[in-house]
Amino acid sequence: MAHEIGPLLKELREAEELTQARLYQNVLSRRQAIRLEAGETDIKAEHLLTVLDRLDMALPEFQYRLQKRQPQVAPPTPQTAMLDTVAAKLNTWLDADMTPGEVRAMENFALGRPFFTVNQIKTLMTIAARLPWDAYDRLTKKLAAQLADMADMPGVQRLRYTLYFNKTMFSLLGGLPDIALRLVPQAQALASDRMDDQIMLQFLQRMAETLVTKDPAAVYTATEGLITHLRGLGLAIMADSLIDNRRHMLSSVNLHPRWTPAELGAAARLFAIVPWELKKDRQGYLAKFPGLLAALAAAGQPLSAYRDVY
């Protein structure tokens, strides 16, 4: 019911031949008005009363009209349906295969719109990592501006944190530790007190600070304590993820000296739980991990032999 308020206000505004600028003057920004009337956001009670006064309508009448109104659900467009498919696939595994059509739909949607609804932003934050860095950078700056404009909306702070956290992570995975160093404080300012937030931010900060020194030993020393702590808490998958991300980040700046037994073990356990049905060429995918196949060949063992190595 709450998300029907905006669409009803739009109907009443158009019936009165009022522009959004006039009806919502000094109440909502242009973006907030667009999102409200699209049914993506709510409106504060005091703001609603101001708007109803401008429409010359009492609150009881508005409530009556709201109860009688039938929700209008627009059918999904082909592009929206494809984006939902892509998001579901990448939510399952970020490295899942994507068809050329899915890639085109993702890029066209992400770069061709002036603004996005909250639901669209959530979808984009899932699929954005598969964009080229320049496109990803432009998109995330646009999303950051839109989210900052609606910072007082419930749930938006978490979205802003996730946006900056993800961008910090992808900067490091993409070999850009200098950019990551500038992003960490923005993520920290929006983080919650949750233990996983704090541990992950410490990991990213330590990775960024040590990668710029170009000293692999310093990277391992700075992060090993966090990984050991996670294992002590029983968070084995999270610990393995940090080991694999650290290895990837080192490789991205050509600082990964060799595959350690712990890295082979983490990869073996992570690969054991990924949905391989979303990847057509498993061997080709493994070949994209620098040095992995050579390390296995030198050891004379398959990756699965390392599942119990920590």
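A salt bridge here is a side-chain nitrogen of Lys or Arg within 4 Å of a carboxyl oxygen of Asp or Glu.

Quick housekeeping. This is a predicted model, where local features need pLDDT of at least 70 and side-chain atom pairs count only at pLDDT 80 or more, while totals for chains, interfaces and linings use all residues. Residues are numbered from 1 along each chain as its sequence is written, and side-chain values use heavy atoms, with hydrogens and water left out.

Okay, the overall picture. The protein chain has 17 helices and 0 strands; those are DSSP runs, H or I of at least four residues for helices and E of at least two for strands, numbered from the N terminus. The C-alpha trace spans about 80 × 40 × 35 Å along its principal axes. There are 310 residues, and 45% of them count as buried. Buried means under 20% relative accessible area, exposed is over 50%, and partly exposed is in between, with a 1.4 Å probe and protein chains only.

Now contacts, meaning heavy atoms within 4.5 Å. Take the contacts with a separation of 6 or more: 65% of them come from residues 24 or more positions apart.

On charge, the chain carries 36 positive and 34 negative side chains, and the centres of the two sets lie 4 Å apart. Lys and Arg count as positive, Asp and Glu as negative, and His and the chain ends are not counted. Each charge is placed at NZ of Lys, CZ of Arg, CG of Asp or CD of Glu.

Let me walk you through a few.

Start with Glu37 and Arg13, whose side chains meet in a salt bridge at 2.8 Å, N to O. Glu37 sits in helix H3 and Arg13 in helix H1, 24 residues apart, so the pair links distant parts of the chain. Both Glu37 and Arg13 are buried; for Arg13 the relative accessible area is 9%. The Arg13 side chain also has a polar atom 2.9 Å from the backbone oxygen of Leu18. Beyond four places in sequence, the contacts of Arg13 include Leu23, Tyr24 and Leu55.

Staying in helix H3, which covers residues 30-37, we have Leu36. Is Leu36 buried or exposed? Buried, because its relative accessibility is 1%. Leaving aside neighbours within four places, Leu36 touches, among others, Gly6, Pro7, Leu9 and Tyr24.

Next, Asp137 and Lys167 form a salt bridge, with the closest N and O atoms 2.6 Å apart. Asp137 is in helix H9 (residues 133-149) and Lys167 in helix H10 (residues 156-173), 30 residues apart. Asp137 and Lys167 are both buried.

Last one: Arg246 with Glu224, closest N and O atoms 2.9 Å apart. Arg246 is in helix H14 (residues 236-252) and Glu224 in helix H13 (residues 216-232), so this pair ties together parts 22 residues apart in sequence. What about burial here? Arg246 is buried, at 2% relative accessible area, whereas Glu224 is partly exposed, at 34%.

That's my tour, thanks.

Notes:
A polar contact is a pair of N or O atoms within 3.5 Å; within protein, one must be able to donate a hydrogen and the other to accept it, and residues adjacent in sequence count only if both atoms are side-chain atoms.
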